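Please look at the sequence and the 3D structure below.

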Amino acid sequence: MSVHFHYYPFPRLAYGCNYYASYATKRTLCNRRRVPPHSSSFSAITNLFFQNPNFITGNTLFLRMKCPLTKRRKKREMIDNEMRFCPVSGTSKIKAMVERLQRCGVITSSKVAEVMEKVDRALFVPDGAEPYDDSPLAIGYNATISAPHMHAICLQLLEDKLQPGMRALDVGSGTGYLTACFALMVGPQGRAVGVEHIPELVSSSIENIQKSAAATQLTDGSLSIHAGDGREGWPEFSPYDAIHVGAAAPEIPQPLIDQLKAGGRMVIPVGNIFQDLKVVDKNSDGSISVRTETSVRYVPLTSREAQLGTY
């Protein structure tokens with residue numbers, strides 16, 4: 001099997017990013033080291049946590065990172081403020097969240113917008129959290145739910161492979177939000193499968209989905225959540241047209257490549273300190289093509305024991 005890697009420049013910033021290091025923080029770092037703020041050393045420090053200036057977050061509760069380009073910075077701050085201080089509630093607030101992501105160019109697909117309006121994020125986050133803020137949230141067990149902009153980006157990257165009747169696998173399904181979105185997109189004639197290695201999250205995600213717009217598909221069996229090591233996929237319902245991985249792997253797991261259907265697509269963050277969101281397409285001859293969509297920061301894809309080691 002041949003593997004082709006295609007590295008593209010990063011022409012756009014997904015403005016849904018909500019974690020960034022402020023200029024003041026960078027200036028403080030430089031002051032501690034007595035580094036002039038416009039020197040090459042300052043630039044090195046400002047890029048301490050990432051190599052790509054068009055950096056967006058994944059699901060790590062990390063430093064707030066800001067794009068160094070002034071226009072993008074102002075736009076990012078505008079979207080941050082709009083989403084943080086949305087004055088409405090309930091259904092109106094869900095719609096407002098989606099509309100803001102559309103205005104800043106994160107959501108361009110009407111289908112993705114429709115699905116994200118139908119699946120209420122508030123059902124999938126811990127009590128007391130702000131579900132419509134564009135931020136990743138801790139969900140316990142050293143796990144997180146990604147920010148809405150990352151869900152939107154991944155749904156759009158996989159949209160062509162989430163058509164009615166297709167099969168989708170969500171690795172590291174967490175609270176079940178994205179799996180529920182997949183289920184609505186593939187419909188009852190398709191199959192949406194979530195794999196999560198924390199049994200408590202499996203149980204709670206099923207309860208979450210039962211309250212959501214995808215509840216009927218949980219009942220009819222076209223949507224299911226399973227406890228298992230996501231690095232091994234879920235062979236029972238393979239091959240999959242779409243695979244999403246919600247944690248960063250040091251390299252693309254071979255079992256997931258094997259379970260990807262010819263013509264299918266996988267979206268997976270890859271890397272350790274520096275991570276990239278990879279788009280993996282399987283060709284008709286079984287070979288794969290891999291391209292980089294953007295830089296991200298996700299929690300690691302690891303064993304259950306390692307994940308709970310410090311919990």
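How many of the six residues of strand β7 are buried? Six of the six are, so strand β7 (residues 240–245) is mostly covered. Buried means under 20% relative accessible area, exposed over 50%, and partly exposed in between, with a 1.4 Å probe and protein chains only. Strands are DSSP runs of E with at least two residues, helices are runs of H or I with at least four, and both are numbered from the N terminus.

This is a predicted model, where local features need pLDDT of at least 70, side-chain atom pairs count only at pLDDT 80 or more, and totals for chains, interfaces and linings use all residues. Residues are numbered from 1 along each chain as its sequence is written, and side-chain values use heavy atoms, without hydrogens and water.

**The residue A168**

A168 lies in strand β4 (residues 167–171). A168 counts as buried because its relative accessibility is 0%. Its contacts (heavy atoms within 4.5 Å) beyond four places in sequence include V193, Y240 and A242. V193 is 25 residues away along the chain, yet the two C-alpha atoms are separated by 6.2 Å.

**The paired strands**

Two strands pair if DSSP finds at least two bridges between them.

| Pair | Sense | Bridges |
|---|---|---|
| β4 and β7 | parallel | four bridges |
| β7 and β8 (residues 260–271) | parallel | four bridges |

L169 stands opposite I243 in β7. Y240 stands opposite L260 in β8. From β7 the chain crosses through helix α10 (residues 254–259) to β8, and this β-α-β crossover is right-handed. That is, with the strands pointing away from the viewer, the path from the first strand over the helix to the second runs clockwise.
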